[in-house]
Amino acid sequence: MGRRARPKANLDTELADLPPELRWREWMGRVEAVIFASSEPVPREVLAKVVGRDCNLDLLIDAIRDELRGRPYDLVSVAGGLQHRTRTGFADAIRAATGLGATAPKPLSQSEALVLMCIAYFQPITRGELGRVFGKEISRDVIGHLRGLGFIAAGPRCPTPGAPYTNVTTKTFLSHFGFESLRDLPDIDLLEDAGLLSKDILLADGFPVGLGADATAVDGDDEPFERDEPLAG
């Protein structure tokens, strides 16, 4: 017979036997350890499992960040969670010591970046609808490259003839560009001022300007948001 698995000991999250200051320090250590051990951003609901019910997680995270001031890494909010990230000023030192980044993927071309930006703002959106925005057909290779990088994924089918798949951004997109959620995308008026998008053209073509800012990126089994009105095409 195989051995019976030992029951897991319950973690004492309240730490009622400790003085308040030591309790706070222990909670800080636990939260930072969980974040440090994870290769992905850690959601707050996960961190809440290792601290007491009366612990103010926001204040705890602020205390950790205060202690990291002057350190070569920081605790950042990204892709719906928290993650340790090296400060950009040390990128050259890391590259020189480890070679990391020496074989980094080729940066996005301007056209690829614009397509990605359009998907982020107006998702879920089909390749045909992207073509309407730019006035020309968007290559399957561009969509394939963005998917290969993990920045976009297939969203729900569009309720139009042929039921083409839409495109949506992912948590990888949020993480790579340092966004906690799509609400962190720059205001579309700023993009218009920079000459990157024309809101008048988009509105004339029926696109709901600013819709993407109220959505949540998807990754894996997460559900993309649905349009209130399907786009034609």
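## A few notes on this fold

1. Let's start with Ala-79, whose place is in the loop between E1 and E2 (helices, H or I of at least four residues, and strands, E of at least two, are DSSP runs numbered from the N terminus). Its phi is near 50 degrees, a positive value in a residue other than glycine. Ala-79 is also buried, with a relative accessible area of 11% (buried is under 20%, exposed over 50%, partly exposed in between, using a 1.4 Å probe and protein chains only).

2. Please keep in mind that this is a predicted model, in which local features need pLDDT of at least 70, side-chain atom pairs count only at pLDDT 80 or more, and totals for chains, interfaces and linings use all residues. Residues are numbered from 1 along each chain as its sequence is written, and side-chain values use heavy atoms, leaving out hydrogens and water.

3. Ala-163 counts as partly exposed, at 26% relative accessibility. Another backbone feature to look at is the peptide bond from Gln-123 to Pro-124, which is cis, with omega near -5 degrees. Pro-124 sits in the loop between H5 and H6. For background, most residues other than glycine have a negative phi, and most peptide bonds are trans.

4. The largest nonpolar core has 25 residues, and Val-115, Ile-119, Leu-130, Leu-146 and Phe-173 touch the most other members (a core is a set of buried Ala, Val, Leu, Ile, Met, Phe, Trp, Tyr and Cys residues joined through side-chain atoms within 4.5 Å). At least two of its residues come from each of helix H5 (110-122), helix H6 (127-134), helix H7 (140-148) and helix H8 (171-177). H5 gives the largest share, eight residues. There is also a second, separate core of 18 residues, with Val-42, Leu-57, Ile-64 and Leu-82 among them.

5. H5 and H7 pack at an angle of about 70 degrees, their axes 10 Å apart (axes are lines fitted to C-alpha atoms, for helices over the stretch in contact, with angles from 0 to 180 degrees between N-to-C directions). H5 is therefore roughly perpendicular to H7 (65 to 115 degrees; under 35 is roughly parallel, over 145 roughly antiparallel, the rest oblique). On the H5 side, Glu-112, Val-115, Leu-116 and Ile-119 make the contact, and on the H7 side Val-142, Ile-143, His-145 and Leu-146 (contact means heavy atoms within 4.5 Å).

6. Which residues of helix H3 (residues 57-67) are buried? They are Leu-57, Leu-60, Ile-61, Ala-63 and Ile-64. Down the axis of H3, these buried residues fall within an arc of 155 degrees, so they line one face of the helix (the arc is that of the directions from the helix axis to the C-beta atoms). Their cover includes helix H1 (20-37), helix H2 (44-47), strand E1 (73-78) and strand E2 (81-86).

7. Finally, have a look at Thr-13, in the segment before H1. Thr-13 counts as buried, at 17% relative accessibility. Setting aside neighbours within four places in sequence, its contacts are Trp-27, Arg-30, Lys-49, Val-50, Val-51 and Gly-52.
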